[in-house]
Amino acid sequence: MAIERSDIHHFVYFLYGEAFYGSYKGMRYRLACEPLEHLFFVKPDERGPHNIRAYAWKEPLSFAKAEDKVFADFDYTEEGVVEAVKWLNEKWSEITGQQE
């Protein structure tokens, strides 16, 4: 078992300026729209460029306290969220030293 796409909110969720946090077997992660702004009521043609940024780090520290976070940016699309989930699963073994 690994992090699944269904474990993450729909990509429209990120337009509300909220980050999504999760954890998986010794790794914590965060996905958010970057820049982190409330864009839901902004017309698409008036929005600045934005993407999905995924962070991963080893438990038990919170996002604010973890100093060893790694991150990657992905397109703000459904495919971008799928790629972010794939990246998180790749980072899991590197961060935790475990194998599925």
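This is a short tour of one protein chain, stop by stop, for use with the viewer open.

**Before you start**

The model is predicted. Keep that in mind at each stop.

**Stop 1: the whole chain**

Show the whole chain as a cartoon. Trace the chain along its sequence, and the order is β-β-β-β-α. Here are the ranges to colour. Strand 1 covers 20–24. Strand 2 is 27–34, and strand 3 is 51–58. Strand 4 runs over 70–75. Helix 1 takes in residues 78–96.

How does the radius of gyration fit a compact globule of 100 residues? Such a globule would have a value near 13 Å, and this chain has 14 Å, so the two agree.

Of the 100 residues, 39% are buried. Then think about who touches whom. Take the contacts with a separation of 6 or more: 47% of them join residues 24 or more positions apart.

Colour by charge before moving on. There are 12 positive and 18 negative side chains. The centres of these two sets lie 5 Å apart.

**Stop 2: Ile-8**

Select Ile-8, in the segment before strand 1. Is Ile-8 buried or exposed? Its relative accessible area is 6%, so Ile-8 is buried, the cut-off being under 20%.

Show the residues around it. Leaving out those up to four places away in sequence, Ile-8 touches Ile-3, Phe-14, Phe-20, Tyr-29, Leu-31, Val-81 and Val-85. Find Val-81 and Val-85 in that group. Then draw a distance to Trp-92. Ile-8 and Trp-92 are 84 residues apart along the chain, and their C-alpha atoms are separated by 16 Å.

**Stop 3: the loop between strands 1 and 2**

Go to Lys-25, in the loop between strand 1 and strand 2. Look at its backbone angles. Phi of Lys-25 is near 40°, a positive value in a residue that is not glycine. Most residues other than glycine have a negative phi. Lys-25 is partly exposed, with a relative accessible area of 47%.

Step along to Gly-26, in the loop between strand 1 and strand 2. Gly-26 has 19% relative accessibility, so it counts as buried, under the 20% limit. Which residues does Gly-26 contact, beyond its neighbours within four places in sequence? They are Trp-57, Lys-58, Glu-59 and Thr-96. Pick out Glu-59. The C-alpha atoms of Gly-26 and Glu-59 are separated by 5.3 Å, although the two are 33 residues apart along the chain.

**Stop 4: two cis peptide bonds**

Stay with Glu-59 and move to Pro-60. A cis peptide bond joins the two, with omega about 15°. Pro-60 sits in the loop between strand 3 and strand 4.

Now find the second one. The bond from Glu-34 to Pro-35 is also cis, and its omega is near 5°. Pro-35 belongs to the loop between strand 2 and strand 3. Most peptide bonds are trans.

**Stop 5: further along that loop**

Select Glu-37, in the loop between strand 2 and strand 3. At 40% relative accessibility, Glu-37 is partly exposed. Apart from residues up to four places away in sequence, it touches Phe-14, Leu-15, Tyr-16 and Gly-17. Glu-37 and Val-81 are 44 residues apart in sequence and 18 Å apart in space, C-alpha to C-alpha.

Slide on to His-50, in the loop between strand 2 and strand 3. What does the side chain of His-50 reach? It reaches the backbone oxygen of Gly-48, at 3.1 Å. Setting aside residues up to four places away in sequence, His-50 touches Leu-15, Cys-33, Glu-34, Pro-35, Leu-39 and Tyr-76. Glu-34 and Pro-35, the pair joined by a cis bond, are among them.

**Last stop: Glu-79**

Finish at Glu-79, in helix 1. Glu-79 counts as exposed, at 57% relative accessibility.

Definitions and conventions. Residues are numbered from 1 along each chain as its sequence is written. This is a predicted model: local features need pLDDT of at least 70, side-chain atom pairs count only at pLDDT 80 or more; totals for chains, interfaces and linings use all residues. Side-chain values use heavy atoms; hydrogens and water are left out. Helices (H or I, at least four residues) and strands (E, at least two) are DSSP runs, numbered from the N terminus. The radius of gyration is taken over C-alpha atoms; the globule rule is 2.2 Å times the number of residues to the power 0.38. Buried means under 20% relative accessible area, exposed over 50%, partly exposed in between (1.4 Å probe, protein chains only). Contact means heavy atoms within 4.5 Å. Lys and Arg count as positive and Asp and Glu as negative; His and the chain ends are not counted. The place of a charge is taken as NZ of Lys, CZ of Arg, CG of Asp or CD of Glu. A polar contact is a pair of N or O atoms within 3.5 Å; within protein, one must be able to donate a hydrogen and the other to accept it, and residues adjacent in sequence count only if both atoms are side-chain atoms.
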